[in-house]
Amino acid sequence: MKKLIFFLTVLLFAAVLPAETLYYYSDGRKIELTEDFSSYSFIRTSKTRADFTLPADVKLIKKHGNISIIEAPGDSTLKTLQKSGNLFPAYRKKEGGTVYVSNQIFVKIPGKPNTENAEKWCEKHGMKLIKQYKYVPEWYLVSVEENPIKKAAALVDSKIVKQAEPDFFINLQKRAYIPNDPLFSNQWHLHNDGTNSQLTGSDHAHVAEAWEVLQTFKGNIGGEGIKLAIIDDGFDLDHEDMEGQFLAGYDFRGKDNDPSYENDNRHPDYSDMHGTCCAGVAAAKADNGKGVVGACPNCKIIPIRIDLTSSNISLSSIGLDAFEWAADAGADIMSNSWGPADGYGAEDMTQTLKDLVANLTSTGRNGKGIIILFAAGNGDESIDNSRTKDGFAGNPNVFAIGATKADGQRCSYSDYGPSLDFMVPSSDYNSSYTKQYDGIWTIDNMGSDGYNSGKTSLGDKNGNYTNDFSGTSSACPLAAGITGLVLAANPNLSRNEVYDIYVRTSDKVGGATYNTDGFNEKYGYGRINACKAVKRALKRAGEDVSQVVCSGDPDTIDDPTDPTEPTEPTEPTEPTEPTEPTEPTEPTEPTGPVCGNGVIEANEICDGSTIPCSNLADAPQNGTAVCASDCMSWNISGCYDETDDSDTTDTDDNKDNCGNGIIDEGEQCDDGNRMSGDGCSKYCMEEETKSKSNGGCSLDLI
């Protein structure tokens, strides 16, 4: 009887005891987490018996190595698990969704030590080194035996390190819808002549026009020499319409070199075919007499399979591994049709992934910057709102891609906000998602393993193609394929130059009002026009494109009001050596974002400052670079000519002392004489516009 009273007392106490609130730091902000006892992370440790199996009443949500994500079992089972390993509840963010801890932490070890010294440092502080990241070597992944949230906070609070944050499992979602009703059998997104009455309109991305331009100037329809990494779930590497298109890839789910899908005819799970469809939208073969064609039919695909299939939960460090693998494989472009789960709350990238993305987009591709694209999301919600923040699409260093249907209107599901960049065509649905409009044709896992099990109503009778791929999942690889065409037209373009080309050539669709910078929060800078983008890329490579005509909005590249030819410039003076930055002071307790306060603090390379472009290795000699919004890189858009396209080359032969600091006759600005923009163009004729809006970053399939 006494035991029963004691047991009931314990239960009553547990019922009224409030959940503990923990915290950690990310990007200088204190992130609070509240325990959620509806589910748990169970981590097998050194004390776990080798023959241990989960109790029968445990519902397994996800398993990754020695970690199992489980739903709440009974009290006796909880006690069994606590004796057999580490058991942690789920944690809910104040403005985000539920996350689950692993036994890992991202940490910046002081001094960036080598592996041997990092191992000693970790041992001293009760941790075990897992790896040092190649492209962000200041970051290390370590394992701990204790609660990783408390450990990460303690490391920062005690000033042992400047930054540390847990490696969470977070909810992921593919950015695609799987509709029930088939609609169309033509690839209107590439070319739409307006004669198909089943479509909602005659809008399209003008890809077929871009192919014609590239055939004229390059002798092929585009993409040769370009490597496009698609990071997704499984791929049909033997598809009849992708012969020779796939390069070597990797499977981070199976931990091997075979990123193939794993469905079979007997047990299809309808979850390992998304990557195949994305690959087809981007780069299905052309002129082979089979199936469909991708936007960049000569691009080569680097297929990378990550764990997006067994559930909607994935470990955030997998994103870093996938990005590093793609960079090592020589990717020029990375397409990511995934991100934080829609309607689930705010989610941000880890600081480690933010730093990696910033590094790859500024120093990758031999200093020109790898172009990373993310699907904007399908929740009809803001990328930037504190309650729905998508830190992946919202990262200022990536291209966030939204979706429009065939009438040029924003698809009803497409996410929006200041961090949205560009739109491309995809399909849409009615309000109840029982009817689809403007379906996208692409390849499918061959046979009955894909979205089309072998019905002509779903595509073709053999099940090799689907006619209803959709969402910003379809939009993202389409934009990536078009980017492949742009780089094929001019391989020397930097990441920032490609971004600016899209800013200046995208069509203002949807009947929306765009601001003076050409931006609208529902449409970004507009719907990408592949023909105009390729035309301008060729122009910057020195080609005479004066006879090229693209349909769509008027193209300023052919504007007859361009400035007259400037006179031959004198030799520019040598820029002075920048002064040595002062040593940053020790930061106080993190209370919020400090980037932009004018002080170069720890983990910043600039802060509201400027630098002559001539001092940067990846910029021209003239103009001024400004500190990027994350204070981790230089915005070099002010180093290029973004306005004067009246001449036929982008050389420096036609400047009138531009860059000498004096506003000469025929100039509107000059280095050191900035107006309200980001910096004077290299022809000193116009202020540069801003690059991407500021945003955060985060991870999840869409």
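Cysteine 550 counts as buried, at 12% relative accessibility. In this predicted model, cysteine 550 forms a disulfide with cysteine 531, the two sulfur atoms lying 2.0 Å apart. The torsion about the S-S bond of cysteine 531 and cysteine 550 is about -70 degrees, so this disulfide is left-handed. Cysteine 531 belongs to helix H11, which spans residues 530-540, whereas cysteine 550 is found in the loop between H11 and strand S23 (610-612); the pair therefore ties together parts that are 19 residues apart in sequence. Cysteine 531 has a relative accessible area of 1% and is buried.

A disulfide is also formed by cysteine 296 and cysteine 299, with a distance of 2.0 Å between their sulfur atoms. For cysteine 296 and cysteine 299, the torsion about the S-S bond is about 70 degrees, and the disulfide is therefore right-handed. Cysteine 296 has a relative accessible area of 0%, and so counts as buried. Cysteine 299 is likewise buried, at 0% relative accessibility.

With sulfur atoms required to lie within 2.5 Å, the count of disulfides comes to two.

Cysteine 122 is buried, its relative accessible area being 0%. For cysteine 411 the relative accessible area is 0%, which places this residue under the 20% limit for burial.

Technical notes: Residues numbered from 1 in each chain as written. Predicted model: local features only at pLDDT ≥ 70, side-chain atom pairs only at ≥ 80, totals over all residues. Heavy atoms only, no water. Buried < 20%, exposed > 50% of the residue type's maximum accessible area, 1.4 Å probe, protein only. Helix = DSSP H or I, 4+ residues; strand = E, 2+ residues; numbered from the N terminus.
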